[in-house]
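This report describes selected structural features of a protein model. The sequence and the structure are shown first, and the description follows.

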Amino acid sequence: MSTEVLLVEDSPGDVRLTQEAFRDASSSIHVSVACDGVEAMSFLRREGAYANAPRPDFILLDLNLPKMDGREVLALIKADASLRTIPTVVLTTSAAEADITKSYQLQVNCYLSKPAQWDEFAGLVRNIVDFWLTKVKLPQQGVCE
Amino acid sequence: MKIVQGKNVLTDVLLVEDSPGDVRLTQEAFRDANGSVNLHVATDGADAMAFLRRQGTHFDAPRPDLILLDLNLPKMDGREVLAHIKEDFILKTIPTVILTTSDAESDIIKSYQLQANCYLNKPVELDEFENLVRSINDFWLTKATLPQQRTNLAN
C-alpha cells in the first residue's frame with residue numbers, strides 16, 4: 001500500500017529534488033504536486049480536474065506560493081474538520097520568526113527550513129520519511145472522511 | 001530554550017507520564033541522546049496544566065519547547081490536556097507529541113482533530129523505546145524549527 005504525499009511547491013527545481021529524494025528514500029511513496037495554493041485546495045477538495053484525487057496521508061507545504069500563499073492554504077486546511085487531521089508540514093526557505101510563530105498558531109504539525117545544499121535537502125527528506133512516514137501513526141483514511 | 005553565555009544550551013521538554021518506569025526510561029534515553037535537554041515531568045494531567053500555567057509550586061516553571069503527552073493519565077486525561085493546550089492562544093504554539101500505548105484508531109483521529117502535532121505509539125520493547133526517544137530528539141529538537149520563546153507572549 002503506498003503512502004500518498006501532496007507536495008505544494010512552485011519551484012520546479014525543488015519539486016524535482018523532493019521527488020527524487022522521496023524516490024530514493026522509499027518506493028512506496030506516491031507524490032502528487034500542486035504548484036500553487038489554489039491548485040492545492042482544488043486537489044484537497046477534489047474539485048474540477050481533481051475529482052478523483054486521492055486524500056493525502058501527508059502534506060508538505062511551501063509558504064511562498066503564487067495565487068494563494070501557503071499561510072492561507074494552511075489556515076484553510078486546519079479550519080476544515082475533514083482536512084485538519086492530515087499532518088501538514090511546512091517546508092520553506094523562510095526563517096522569519098513571524099512565519100514560524102504564525103505557522104504554529106495556525107496549527108502546522110511541524111515547521112522545517114529548506115536547506116540550500118542538495119545533500120542536506122535530500123537528508124531532510126529522508127528524515128521526513130523516517131520520522132513522519134515510518135514512526136508516526138497517521139490517521140487512517142477511511143475513518144476521517 | 002535558555003540563553004546562557006550567548007548560546008542556546010538548554011531545551012526544556014515537558015514529559016506528561018504517570019508510569020514511573022516509562023518516566024525513567026524516557027529520562028535515560030534523552031540523557032543518552034542529548035545532553036542539553038532539561039526534562040521536566042508531570043505525572044498527571046492536572047499537574048501538567050499547573051506546570052504550563054505556572055500555578056502553585058510551578059510558579060517559576062519554564063515554558064517547554066516540546067511536550068510529550070501520554071493519553072491515559074490520572075486526574076485529567078491526556079485528551080483533555082491536549083484540548084486545553086490547543087485552545088490556549090499562548091500554549092497552542094508548543095509542539096505537542098502524543099506518546100501512548102494506545103493504537104486505537106479513535107484515539108489517533110481524535111488527537112489529530114485536537115491538533116496534536118504528531119502521534120507516536122510507545123513500543124513495548126526497551127531498545128525500541130530508546131530508539132523512538134532518540135528519533136523524537138533527532139527530529140523535533142534537531143531538524144524541526146521550533147517557535148522562539150521570546151516572541152511569545154508567555155515570556
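## Helix α4 of chain A

Five residues of helix α4 (residues 97–105) of chain A are buried, namely D99(A), I100(A), T101(A), S103(A) and Y104(A). The model is a predicted one. Within chain A, the buried residues of α4(A) pack against α3, β4 and β5 (110–113). They also pack against a helix of the other chain, α5 (126–143) of chain B.

Just after α4(A), the backbone of Q107(A) adopts a positive phi of about 70°.

## Residue T88 in strand β4

Strand β4 of chain A, which spans residues 88–92, contains T88(A). Is T88(A) buried or exposed? Its relative accessibility is 0%, and T88(A) therefore counts as buried, since the cut-off for a buried residue is under 20%.

A polar atom of the T88(A) side chain lies 2.9 Å from the backbone oxygen of I86(A). When neighbours within four places in sequence are set aside, the residues in contact with T88(A) are I59(A), L61(A), L74(A), I77(A), K78(A), V108(A), N109(A) and C110(A).

## Packing of helices α2 and α3 in chain A

Two packed helices are described by the angle between their axes and by the distance between those axes. For helix α2 (residues 37–45) and helix α3 (residues 70–79) of chain A, the axes come within 9 Å and cross at roughly 20°. Because of this angle, α2(A) is roughly parallel to α3(A), the cut-off for that description being under 35 degrees. The crossing in which α2(A) passes α3(A) is right-handed.

Which residues meet where α2(A) and α3(A) are in contact? From α2(A) these are G37(A), A40(A), M41(A), L44(A) and R45(A), and from α3(A) they are V73(A), L76(A) and I77(A). Classified by type, the contact of α2(A) with α3(A) comprises six nonpolar residues, one polar residue and one charged residue. I77(A), one of the α3(A) residues that meet α2(A), is also among the residues in contact with T88(A).

## Overall organisation of chain B

Chain B has five helices and six strands. Along the sequence, these elements follow the pattern β-β-α-β-α-β-α-β-α-β-α.

Of the 155 residues in chain B, 56% are buried. Among contacts in chain B with a separation of 6 or more, 64% are accounted for by residues 24 or more positions apart.

Key
Residues are numbered from 1 along each chain as its sequence is written. Chains are lettered from A and ligands numbered from 1 in the order in which they are written. This is a predicted model: local features need pLDDT of at least 70, side-chain atom pairs count only at pLDDT 80 or more; totals for chains, interfaces and linings use all residues. Side-chain values use heavy atoms; hydrogens and water are left out. Axes are lines fitted to C-alpha atoms, for helices over the stretch in contact, and angles run from 0 to 180 degrees between N-to-C directions. Helices (H or I, at least four residues) and strands (E, at least two) are DSSP runs, numbered from the N terminus. Angles under 35 degrees count as roughly parallel, over 145 as roughly antiparallel, 65 to 115 as roughly perpendicular and the rest as oblique. A crossing is left-handed if the near helix is turned anticlockwise from the far one by less than a right angle, and right-handed if clockwise. Contact means heavy atoms within 4.5 Å. Ala, Val, Leu, Ile, Met, Phe, Trp, Tyr, Cys and Pro count as nonpolar, Asp, Glu, Lys and Arg as charged, and the others, Gly among them, as polar. Buried means under 20% relative accessible area, exposed over 50%, partly exposed in between (1.4 Å probe, protein chains only). A polar contact is a pair of N or O atoms within 3.5 Å; within protein, one must be able to donate a hydrogen and the other to accept it, and residues adjacent in sequence count only if both atoms are side-chain atoms.
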